[in-house]
Amino acid sequence: MNMTAVESTTLVTVAYDEALGVLQLEFRSGAIYRYFGVPATVYDGLLSAPSKGNYFNQVVRGHFPYRLILNTEAGGCSEALGSEGAR
């Protein structure tokens with residue numbers, strides 16, 4: 001999974017594993033989420049979107065199961081899976 005730094009007020013990095021369909025997003029808050037079953041077209045759309053935050057909210061959030069990998073605000077990791085977008 002290759003990380004790509006992005007210009008965004010919401011996101012810091014975006015990574016994608018095409019073989020597994022896993023999209024990893026690092027938010028400015030420090031939280032890192034992995035979204036599962038994400039098609040490559042969604043990843044490509046996110047990278048090319050003029051507003052990464054708007055694209056995330058409209059296309060990713062609430063549409064794919066996810067896992068919180070790191071939450072710096074809570075000071076640790078989470079193993080909980082979610083079926084709706086990061087809140």
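Mentor: Contact means heavy atoms within 4.5 Å. By that rule D17 touches M1 and V22, leaving aside residues up to four places away in sequence. The model is predicted, so local features need pLDDT of at least 70, side-chain atom pairs count only at pLDDT 80 or more, and totals for chains, interfaces and linings use all residues. Residues are numbered from 1 along each chain as its sequence is written, and side-chain values use heavy atoms, without hydrogens or water.

Trainee: What makes D17 part of strand β2?
Mentor: Strands are DSSP runs of E with at least two residues, and helices are runs of H or I with at least four, numbered from the N terminus. Strand β2 covers 11-17, and D17 has its place there.

Trainee: Why is D17 said to have no salt bridge?
Mentor: A salt bridge needs a side-chain nitrogen of Lys or Arg within 4 Å of a carboxyl oxygen of Asp or Glu. The nearest side chain of opposite charge, R34, is 8.6 Å away, so D17 has none.

Trainee: What polar atom lies 3.1 Å from the backbone nitrogen of A19?
Mentor: One from the side chain of D17.

Trainee: How much of the protein is buried?
Mentor: Buried residues make up 44% of its 87 residues. The protein has two helices and six strands, in the order β-β-β-β-α-α-β-β.

Notes:
Buried means under 20% relative accessible area, exposed over 50%, partly exposed in between (1.4 Å probe, protein chains only). Lys and Arg count as positive and Asp and Glu as negative; His and the chain ends are not counted. A polar contact is a pair of N or O atoms within 3.5 Å; within protein, one must be able to donate a hydrogen and the other to accept it, and residues adjacent in sequence count only if both atoms are side-chain atoms.
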